[in-house]
Amino acid sequence: MSEELRPSDAASEREAEADEVRATDADAWATACAEDLAAEKARRRASYGPPPGSAAEELRKLVDAVTDKLSSIQSPLFGAVAGPAAQQVVQQVVQQAKAAVEPVIERNPDVFDHLAAAGTELLAAYRSAVQAQEQRWTQRDAKPREGGEEAGPGERIDLD
């Protein structure tokens, strides 16, 4: 028998090659997309700085910043004698607050993300209500009032 491929074997080999080309094309597309995404992330990081972390990480940064700021304050209100003692009390209170907040952040990091999202939604609802009220205030009808006066920016108040 010769070593030539039978027609059915040749067809299956061509299908296998076609599948390999398709897989290579799919990998090339995925690779190109990943490269584009990485380049875009690098461009945004260069333009806007590092992206913000989760709400829990941001809270941790806030607590650290407040701790640093409070520990660096030298208050003239306490005087020279009470200054070091007051500074120690402030540091102690800050450390207690930090010790109380850290376990909560560690146990429930997702809670802070949800609270941040809820705060954003509440702010959007407030803005919507305020904008609607502002539109009602600014769109008063300009019908002439009694006595031929035209409507102005203020309201007429009868003092009698």
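Colleague: Which residue meets K98 in a salt bridge?
Modeller: The side chain of K98 meets that of D64 in a salt bridge, with 2.9 Å from N to O; the term stands for a side-chain nitrogen of Lys or Arg within 4 Å of a carboxyl oxygen of Asp or Glu. Please keep in mind that this is a predicted model, in which local features need pLDDT of at least 70 and side-chain atom pairs count only at pLDDT 80 or more, while totals for chains, interfaces and linings use all residues. Residues are numbered from 1 along each chain as its sequence is written, and side-chain values use heavy atoms, with hydrogens and water left out.

Colleague: And where do K98 and D64 lie?
Modeller: K98 sits in helix α3 (residues 79-107) and D64 in helix α2, so the pair, 34 residues apart, links distant parts of the chain. Helices here are DSSP runs of H or I with at least four residues, and strands are runs of E with at least two, numbered from the N terminus.

Colleague: How many salt bridges does a search of the whole structure find?
Modeller: That search finds six. One of them joins E58 and K61, at 3.6 Å from N to O, and both of these residues lie in helix α2 (residues 55-72), three residues apart, or about one turn of the helix.

Colleague: What about R43, which residue does it form a salt bridge with?
Modeller: R43 pairs with E40, and their closest N and O atoms are 2.6 Å apart. The two are three residues apart in helix α1 (residues 7-48), and therefore separated by about one helical turn. R43 is partly exposed at 43%, and E40 likewise counts as partly exposed, at 28%.

Colleague: Which residues are linked with R43 in a network of salt bridges?
Modeller: The network links R43 with E40 and R44.

Colleague: Changing topic, where does N108 lie?
Modeller: N108 lies in the loop between α3 and α4 (109-138), and it counts as partly exposed at 33% relative accessibility. The C-alpha atoms of N108 and A56 are separated by 8.3 Å, although these residues are 52 apart along the chain.

Technical notes: Buried means under 20% relative accessible area, exposed over 50%, partly exposed in between (1.4 Å probe, protein chains only).
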